[in-house]
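I opened the model to see how the pieces pack. These are my notes, in the order in which I looked things up.

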Amino acid sequence: MCEKRFDVTALGELLIDFTENGRSGQGNTLFEANPGGAPCNVLAMLKKLGRSCAFVGKVGEDMFGHLLHDVGAEAGICMDHLVFGRDARTTLAFVKTFENGDRDFSFYRNPGADMLLTEDELPLDVIAGSRIFHFGTLSMTHEGVRQATCKAIGSAKAGGTLISFDPNLRPPLWDSLEDARTQISYGLAHCDILKIADNELEFMTGETDFDKGTAMLRGRFPNIKLFNVTAGADGSYSYYGDKRVFVPACKLGGTIETTGAGDTFCACVLSFVLERGLDGLTEADLTEMLTFANTAAYLVTTRKGAIRSMPERAEVEALLGR
């Protein structure tokens, strides 16, 4: 078994992203089976940055479930708390990539094994014993796994663990968008560290102006100590206390797809917090954090997939001229 204390424990979906990879001799689209799932993507990048990590989730007792377990373990993530279920298959996602790198998803998840994680299957001691607990909303789309996620959050808070949240909105997976807003609001109300994408900020506030949208959510959720907004190819923003910092994206060309970019960014932020803490951050600190995170996220966009495509720290630092 793994040690009880980790830098970061994440809970959520673990799935196969089938991404387009050319055409066959007959002209048919070829798909590559890329191991993924936002929470585990975050952990894979954290491992590249030297952090200890554990994953909590559920996959099917099938070939894809075992592949995901092995890939996570290969990345150095503790997979002892991955549950294999026989009631549903491992979730699959087919990803359509557009010329600008944006994506459209078709999920095969009704149900998927990740939706069936129960409260009784949670390693509460591991969650409470971690420095940071990270989650998103794909583990809040259905009642059973939603209850498990809420219990995990409660356990983390009881253990004095920092809470990290990424809404990771995927509209096709929700019964209604109002339900999505409700659950995102729950996540916002319980986190210390937030990574939210520009489209999700607009979804929650109706605002396209980042400063206005952020002010609205920070007013409603004063518990969020570090509020980060990613704006795709434009860059990213960080709001902390009375400070606001913007750093433009790294644009060196060669982008293939954006899968895992936001997760890479999130992991870099969490690694920064593990090193510096959340108290007394300066504008220089926030600029350093965003610059590194943006650069790492750019590197991922030049590769296919996520878990197996995370850059080494040295690669990021080389681009930064360090």
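Which residues does Asp114 touch, not counting residues up to four places away in sequence? I found Glu13, Lys58, Thr91, Arg109, Leu138 and Val145, where contact means heavy atoms within 4.5 Å.

Before going on, I noted that this is a predicted model, in which local features need pLDDT of at least 70, side-chain atom pairs count only at pLDDT 80 or more, and totals for chains, interfaces and linings use all residues. Residues are numbered from 1 along each chain as its sequence is written, and side-chain values use heavy atoms, with hydrogens and water left out.

I placed Asp114 in the loop between strand S7 (103-108) and H3. Helices (H or I, at least four residues) and strands (E, at least two) are DSSP runs, numbered from the N terminus. Asp114 counts as buried because its relative accessibility is 4%; buried means under 20% relative accessible area, exposed over 50%, and partly exposed in between (1.4 Å probe, protein chains only). Pro111 sits in the loop between S7 and H3. I checked the peptide bond from Asn110 to Pro111 and found it cis, with omega near 0°. Most peptide bonds are trans, and most residues other than glycine have a negative phi.

**Entry: the sheet**

I traced an open sheet of 9 strands with mixed pairing, in the order S5-S4-S1-S8-S9-S10-S11-S12-S13. Strand S5 (78-85) and strand S13 (243-248) are the edge strands, each pairing on one side only. From one strand to the next the twist averages 15°. Two strands pair if DSSP finds at least two bridges between them.

I then went through individual pairs. S4 and S5 run parallel over 6 bridges, with Lys58 bridged to Val83 in S5. Val83 counts as buried at 19% relative accessibility. Leaving aside neighbours within four places in sequence, I listed Gly57, Lys58, Val59, Leu117 and Glu121 as the contacts of Val83. S5 is mostly covered, with 6 of its 8 residues buried.

S8 and S9 are parallel over 5 bridges, and Ile132 has Leu162 in S9 as its bridge partner. In S9, 4 of the 5 residues are buried. Strand S10 (residues 193-197) and strand S11 (residues 226-230) also pair in the parallel sense over 5 bridges. Ile196 stands opposite Val229 in S11.

**Entry: helices on the sheet**

Helix H1 (residues 38-48) lies across S1, strand S4 (53-60) and S8, and runs at about 145° to S4. Helix H6 (residues 198-205) touches S9, S10 and S11, at about 95° to the direction of S10. Axes are lines fitted to C-alpha atoms, for helices over the stretch in contact, and angles run from 0 to 180 degrees between N-to-C directions.

**Entry: H4 and H5**

What covers the buried residues of H4? I noted that the cover includes strand S1 (8-11), helix H3 (124-128), strand S8 (132-136), strand S9 (162-166) and helix H5 (177-190). The buried residues themselves are Val145, Arg146, Ala148, Thr149, Ala152, Ile153, Ser155 and Ala156.

The axes of H4 and H5 come within 11 Å and cross at roughly 10°. That makes H4 roughly parallel to H5; angles under 35 degrees count as roughly parallel, over 145 as roughly antiparallel, 65 to 115 as roughly perpendicular and the rest as oblique. I found the contact to be made by Arg146, Cys150, Ile153 and Lys157 of H4 and Asp179, Gln183, Tyr186 and His190 of H5.

Just after H4, Gly160 takes a positive phi of about 75°.

Gly277 follows H8 and has a positive phi, near 80°.

Last, I looked at Asn168, in the loop between S9 and H5. Its phi is near 45°, a positive value in a residue other than glycine. Asn168 counts as buried at 12% relative accessibility.
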